[in-house]
Amino acid sequence: MAPITRRTSFPSVIIDKDTESEPSSSEEEEEEEEEEEEVQDEVEEEEVSEINNEKEAEESLDPKRKGKAPICISLKKVCKVCKKAGHEAGFKGATYIDCPMKPCFLCKMPGHTTMTCPHRVATEYGVIPAPHKSSRNPLAYVFECQLGRRRTRFKPAHVIPDQVSCAVIRYHSRRVTSLEFHPTNDNILLSGDKKGQVGVWDFDKVYEKIVYGNIHSCIVNNMRFSPANDGTVYAASSDGTISCTDLETGMSLSLMNLNPNGWQGPSSWRMLYGMDLNKEKGVVLVADNFGYLHSMDIRSNNKTGEAILIHKRGSKVVGLHCNPLQPDLLLSCGNDHYARIWDMRQIEARSSLYELAHRRVVNSAYFSPISGSKIVTTSQDNRLRVWDSIFGNLDSPSREIVHSHDFNRHLTPFRAEWDPKDLSESLVVIGRYISENFNGAALHPIDFIDTSTGQLVAEVMDPNITTISPVNKLHPREDVLASGSSRSLFIWRPKEKSELVEQKNEGKIIVCGRAEKKHKRGYESDDSDDDTFSSKGKNSKSKRSKLKSHVSTHKTKR
């Protein structure tokens, strides 16, 4: 006898199993006697169409039964990405599982997943160093004869800051967006956050810190020190203003305001992203979210000239960098998938010297710090692109390095920055987006990459830092790395030097918040912002306690 269900106010639920069973035979006599009270769930295949017609006729006559169609629940495993059965995709804890029907999230190539991607094992996989691009350009000849002598032919041994020396936990009220070292004082670090605050921290004394909250009203995107006075800093913000702040007093002066009438809607609100100083010309260069370049004279603090369209109209210009040896050369990058080189002496719309094409948004573009002859860019397609000579053929990069820095939102963009102390101009530092499993804890390392070969020189991490570190800055004179992870700041030093600092300073970790106190056992991770990648659970503390106090992993290719 077929199973019988009673009619209630709830719709009937049908469960589809993986294995289909044969339907049982129907009994016509019971259907005729209990037609108004009971419904058979399983019938012969030949009678399905007839019973469906009878049900439709009954529902059309009975208005109370309208709209109560059965709900089907399937127990089959269905992928959330491609909606096909047989596999799963998405996050499991802190690990992301790719859909096999989609390209790899890391290298964007089909045929494998992120877990089996060869680039995850070695960043130099598939990277072929480009040969020396010969050029008969006279500028290249002059550069090799005169300026090129500053570069060493021998690659020095890299000194990697691999251990946390000191930190300020929950220093800012929102996530850190920019970092800048003081040009003359080796122990001063400036930091800007999403709320518009600017922090000044003496990390040698650890406890000497201050945050100025009255400078900007939203994101501080870039900061630069004044070439004439090292106690003055310029900052560009998403509120459309350039500020000039005295670090000793905290007094700030607004030098440029692109939104004098206040909020008039998103179509007219201008935000400043890219920023740099041209010391030779004495101007501050800034770029907005509509593709325009603005300049301001440092001596008079007044805007000079008209805004110039340097990228696609309506696109963000997120980066500006002046060449360290040839100030007339300006490098810009933006959301229109291009990085462009300009001549400041004759800059106007559509007059760029070169256009460096990318597949997706370009987060940053920098000239090499010593000679200015190389370029490294960071793009959202998980690629670091390197051009070995700005005087050679720039139609294609010298090499492309696969690295995980493609993110969605609520996170400061990743930027690969040169090591200013590296005479060979080959070492860059950048945070990693994809987490790695270290004894059950999901950590996001900070990578040091050799751009000449694509080799991963070192990856540094700390088991107490469970948030992503997208903002990283190498010290111009010391073996120090500053990292901004969520609302906190961390100072990294080489292990030997870090042990010497620990002997001098016992209280090297301080916690900011309702009550400032020394945090002895570890660093409190911040889950108030959206850059926390790992999930918080009851066993998180027990997992961290199993790890060592400091972890650093080096991968060296000999």
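**Figure 1. Overview of the chain.** Of the 558 residues of the protein chain, 49% count as buried (under 20% relative accessible area; exposed is over 50%, partly exposed in between; 1.4 Å probe, protein chains only). The model is predicted: local features need pLDDT of at least 70, side-chain atom pairs count only at pLDDT 80 or more, and totals for chains, interfaces and linings use all residues. Residues are numbered from 1 along each chain as its sequence is written, and side-chain values use heavy atoms, with hydrogens and water left out. The chain holds 6 helices and 39 strands (DSSP runs numbered from the N terminus; helices are H or I with at least four residues, strands are E with at least two). Among contacts with a separation of 6 or more, 53% join residues 24 or more positions apart (contact: heavy atoms within 4.5 Å). The chain exposes about 29,500 Å², and carbon and sulfur atoms supply 49% of that area (Shrake-Rupley method, 1.4 Å probe; for residues, only the protein chains shown count as cover).

Figure 2. In residues 169-204, the end C-alpha atoms lie 16 Å apart, with 0% helix and 50% strand. In residues 355-388, the end C-alpha atoms lie 15 Å apart, with 0% helix and 56% strand.

**Figure 3. Lysine 374, buried without a salt bridge.** Lysine 374 sits in the loop between strand E24 (362-367) and strand E25 (375-379). This lysine is buried yet has no salt bridge (a side-chain nitrogen of Lys or Arg within 4 Å of a carboxyl oxygen of Asp or Glu). The nearest side chain of opposite charge is aspartate 388, 4.8 Å away (Lys and Arg count as positive, Asp and Glu as negative; His and the chain ends are not counted). The lysine 374 side chain does reach the backbone oxygen of glutamate 425, at 3.1 Å.

Figure 4. The structure holds 26 salt bridges. In one of them, aspartate 276 pairs with arginine 224, the closest N and O atoms being 3.3 Å apart. Aspartate 276 lies in strand E16 (residues 272-278) and arginine 224 in strand E12 (residues 220-225), so the pair ties together parts that are 52 residues apart in sequence. Both residues are buried.

**Figure 5. Glutamate 400 and its arginine partners.** Glutamate 400 meets arginine 359 in a salt bridge (3.9 Å, N to O). Glutamate 400 lies in strand E27 (residues 399-402) and arginine 359 in the loop between strand E23 (354-357) and E24, so the pair ties together parts that are 41 residues apart in sequence. Glutamate 400 also forms a salt bridge with arginine 385, with the closest N and O atoms 3.4 Å apart. That pair links distant parts of the chain, with arginine 385 in strand E26 (residues 383-387) and glutamate 400 in strand E27, 15 residues apart. Glutamate 400 is partly exposed, at 29% relative accessible area. Arginine 385 is buried, at 2%.

**Figure 6. A salt-bridge network.** Salt bridges link Arg120, Arg432, Glu436, Asp447 and Glu459 in a network.

**Figure 7. Two loop residues with positive phi.** Most residues other than glycine have a negative phi. Arginine 170 has a positive phi of about 55°. Its loop runs between strand E7 (163-169) and strand E8 (176-181). Histidine 337 has a positive phi of about 70°. Its loop joins strand E21 (329-334) and strand E22 (338-343). Arginine 170 is partly exposed at 29% relative accessibility, and histidine 337 is partly exposed at 30%.

Notes:
A polar contact is a pair of N or O atoms within 3.5 Å; within protein, one must be able to donate a hydrogen and the other to accept it, and residues adjacent in sequence count only if both atoms are side-chain atoms.
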